[in-house]
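Here are my notes for you to read alongside the model. Take the points in order, and keep the viewer open as you go.

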Amino acid sequence: MGLKEDFEEYAQKAKTLPESTSNENKLTLYALYKQATVGPVNTSRPGVFSVKERAKWDAWKTVEAKSSEDAMSDYITKVKQLLEEAAA
């Protein structure tokens, strides 16, 4: 399988992660997913009262230098790691 197919497979597997997955890990996955599928941040930063949306935007901003391929690869690695931790 190619990187894109693997990425799509792990995007589905990510939906099976336990609710106990930390917000930090969820933000990392969100940021890598957005970078892989959309590219660099293309919206303005949400206001201070939009705490959740602002955290997501900030997380995405931290990975915007990554290529789409690197973001896909990092996403797959992170999902694998989280699935292994959940199974332990």
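1. Lys56 and Glu53 sit three residues apart in helix α3, so about one helical turn separates them. (Helices are DSSP runs of H or I, at least four residues long, and strands are runs of E, at least two; both are numbered from the N terminus.) The two residues form a salt bridge, with their closest N and O atoms 3.8 Å apart. That term means a side-chain nitrogen of Lys or Arg within 4 Å of a carboxyl oxygen of Asp or Glu. Glu53 has 40% relative accessibility and therefore counts as partly exposed. (Buried is under 20% relative accessible area, exposed is over 50%, and partly exposed is in between, using a 1.4 Å probe and protein chains only.)

2. A word on where the values come from. This is a predicted model, in which local features need pLDDT of at least 70, side-chain atom pairs count only at pLDDT 80 or more, and totals for chains, interfaces and linings use all residues. Residues are numbered from 1 along each chain as its sequence is written, and side-chain values use heavy atoms, with hydrogens and water left out.

3. How many salt bridges does the structure hold? There are six. One of them joins the side chains of Lys4 and Glu8, at 3.4 Å from N to O. Both residues belong to helix α1 and are four residues apart, about one turn of the helix. Lys4 is partly exposed because its relative accessibility is 47%, and Glu8 is partly exposed at 42%.

4. Lys66 pairs with Asp74 in another salt bridge, where the closest N and O atoms are 2.5 Å apart. Lys66 has a relative accessible area of 30%, so Lys66 is partly exposed. Asp74 also counts as partly exposed, at 30% relative accessibility.

5. Now look at Lys78, in helix α4 (residues 68-87). Is Lys78 buried or exposed? Lys78 is buried, yet has no salt bridge: the nearest side chain of opposite charge, Glu85, is 6.2 Å away. (Lys and Arg count as positive, Asp and Glu as negative; His and the chain ends are not counted.) Leaving out residues up to four places away in sequence, Lys78 touches Asn25, Thr28 and Leu29. Contact here means heavy atoms within 4.5 Å.

6. Helix α4 deserves a length check. Its 20 residues should span 28 Å at 1.5 Å a residue, and its end C-alpha atoms are 29 Å apart, which agrees. (The expected span is 1.5 Å times one less than the number of residues.) Among the buried residues of α4 are Ala71, Met72, Tyr75 and Ile76. The cover over its buried residues includes α1 (3-14) and α2 (23-37).

7. The largest nonpolar core has 20 residues, and Phe7, Leu29, Tyr75 and Val79 have the most contacts inside it. α4 gives the most to this core, with six residues. (A nonpolar core is a set of buried Ala, Val, Leu, Ile, Met, Phe, Trp, Tyr and Cys residues joined through side-chain atoms within 4.5 Å.) Val79 touches Tyr10, Lys13, Ala14 and Leu29, not counting residues up to four places away in sequence.

8. Finally, Gln35 lies in helix α2. Its relative accessible area is 2%, so Gln35 is buried. Its contacts beyond four places in sequence include Pro40, Trp60 and Val63.
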